[in-house]
Amino acid sequence: MHKIKALKLKNFKFFYGDETIPFDRKNVLLYGENGSGKSSIYWALYTFLQSVFKNEDSEIQKYFLHIAQSPESIKNRYSKEGDDAFVEIEFEDDNKDLRTKKISNTTVNTRNDPFTESITLSSDLIDYKSIFNIYNFTNKDRVRLFSYIEKNLMPFVNLRTTLVTVEGEEVSKNLVDWWNYLKDGLNPYPNINGPGYWEFKALVDQFNTDFEFYLNSITQKANEYLTDSFKENIQIRFEYKNCTYNEKKENGGRNQKTLAPEIYLKAQILNLNLTEETREVERVHTFLNEARLSSIALAIRMAMLKEKLVKESPKVLVLDDLLLSLDMGNRESVLNIILDEYSEDYQIIFLTHDKIFFESVLSYIKTFHSNEKRKNGETDNAKLEHAFMERWQVLEMYEAYLSDGKVVPAITEHKSNIQKAHHYFTSRDNIDYQACGNNLRAALEEFFRTFLPNNYFRTDEGNPIAAQSLTLNPLLIKCIDYFNHLGFDISLLDRLNRYRERALNQTSHYNPSSNYFKRELQDTFEILIELKKYRNDVIIKHDSILQFSIESQSGKEYTYSFQPLDNINLYLESGSDKTSFYCDDDKRTYGIIGVSHQSKTNIKDIVTTRRSLQELYDETIDALGNRIGEACNRAPDIYDIIKSLEGKSLNELKTY
């Protein structure tokens, strides 16, 4: 399977001169500040892939000519008229064999090339505008999708039937070939009994049948994404209005034309409290908010992507600021779909100009690959933390200036806060203890935000607190509370607190050569290394179903099923003599969903709040004894009897 090994640009859009962007790993996550040229990368890939659909080389070459020669030029404005300009992609297969393709003002070796065509037909490029344009209509209009599909997606859709023209030429199943042939009609125009007339009409009918079948096939998958992944109470469907040829006009006669089909997007609200009439939404863009419309548009695009998946073809998925209009929950849903369903088959190139969103995507990617490693038995924290680096290259892009004042992109490898801190602490040419302390403080804040459980980011009233809003001091206080709750030694945190004001204060101004601050910074590095040895891994996710059985003294067995509404974690304190444990004082809410006895199950709907697992068990066994009028046997260790649906006890689920 091929992947992009390097993207080479010369005088293309924002890129002046030569620039090679190496894709050292399969996938790429890139943050580009506004004005840095991030979109130039998207349009380089888009222009390259779209070149296979052009009829003549000149339709591609015009983009690389000087503005004086072509009004459609996207050549860099700093470049001179005779300067070369191109987009070149170096592909690499699993055997490290390289293949290079190029488009420029002189060279186009992508057209009529089966290799580039196969990549293009199995790839996709999705940006925010392409999602927004699906539902960008005035209030009085319905959402109509045929023009959108014609402009953006036709080459990527294959119908069931191969087009065989009236003249007997076998073309392809591709939608763009079908439509390009049909839309011009027959020339010269025959009468209704003329040669080829009814054969052409039959092709129009076949086009309608196959196109509507395709739309129905992606509807099911799009609706699965909406309900299962996005948790939306919405279903969509397409209302297809047939393409026609030579139909009668209102004033008599026939129009002698092929009239395009139309595709209307409709929605239904899944709410039984509404009447059948009020559940139907014909003008979706006037009723639903932007986040829900974006969810619908994304569900449609991903369903189309799923439909055209060809396992053996090389494929690229480029996503440019795709998720900014979604709420955080749906952002994570889309990220999960992309990583879970597409990362194996596609090379993913993720671009964004939003730094906070970039950090959240990076965090999600790290967690996803860390969990993958953990499932395969990996327990080394350092390997888990860096597992994502096997698959992802992370880049940052900024606006820079040449000595003559020209504005150009600057692309660098992303460095984490701790990497930057090490750089300013050890680099011979860049020692700066103040910068080291600032980055070290940020690294500690990042650690605490991910290490502390969600319930530590709530107010006393239970309202959520944005973790990003908390700085080191409140985070440290919360972690001391957390350690006390678990019974961990807090001396490490006390020492860190002493350094916080002196070595880690972002406003401190001290002598960069001071050994005093150097020792404190060195000690803080070691504290962070030690903190990362503590473990608090989720063993049971919230809403998972667990069971435990109680036996009465007369031998009757009752099995209770319940759901914890907060995670159940396994803990390990740093130190070679420490053993893992579940915290008996962890309190959470539970939903009792059923009790089984003698092959009969009674459905329950009981919610208990602020209970430990031991308290839940004790209260349940007491209530059962009172109900059946006899004592019940108590288990010495509840972690032996509380089990997953697969029958493994919590003790058996311990991973270390």
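**Notebook: strands, a helix and salt bridges**

I looked up strands S14 (residues 392–401) and S15 (residues 407–413) and found that they run antiparallel, joined by 7 bridges. I note that the model is predicted.

I turned next to helix H17 (residues 491–502). Its buried residues are Leu492, Leu493, Leu496, Tyr499 and Arg500. Viewed down the axis of H17, these buried residues fall within an arc of 120 degrees, so they line one face of the helix. I recalled a general rule: an α-helix has 3.6 residues a turn, so residues three or four places apart point the same way.

I then looked up salt bridges, of which the structure holds 36. One of them pairs Lys38 with Asp321, with 3.5 Å between the closest N and O atoms. Lys38 lies in helix H1 and Asp321 in the loop between strand S12 and helix H11, so the pair ties together parts 283 residues apart in sequence. Lys38 is buried at 7% relative accessibility, and Asp321 is buried at 9%.

I also examined Asp210 and Arg160, whose side chains meet in a salt bridge at 3.1 Å, N to O. Asp210 is in helix H7, and Arg160 is in the loop between helices H5 and H6, 50 residues apart. Is Asp210 buried or exposed? At 1% relative accessibility, Asp210 counts as buried, whereas Arg160, at 42%, counts as partly exposed.

Technical notes. Residues numbered from 1 in each chain as written. Predicted model: local features only at pLDDT ≥ 70, side-chain atom pairs only at ≥ 80, totals over all residues. Heavy atoms only, no water. Buried < 20%, exposed > 50% of the residue type's maximum accessible area, 1.4 Å probe, protein only. Helix = DSSP H or I, 4+ residues; strand = E, 2+ residues; numbered from the N terminus. Arc of directions from axis to C-beta. Pairing = 2+ DSSP bridges. Salt bridge = Lys/Arg side-chain N within 4 Å of Asp/Glu carboxyl O.
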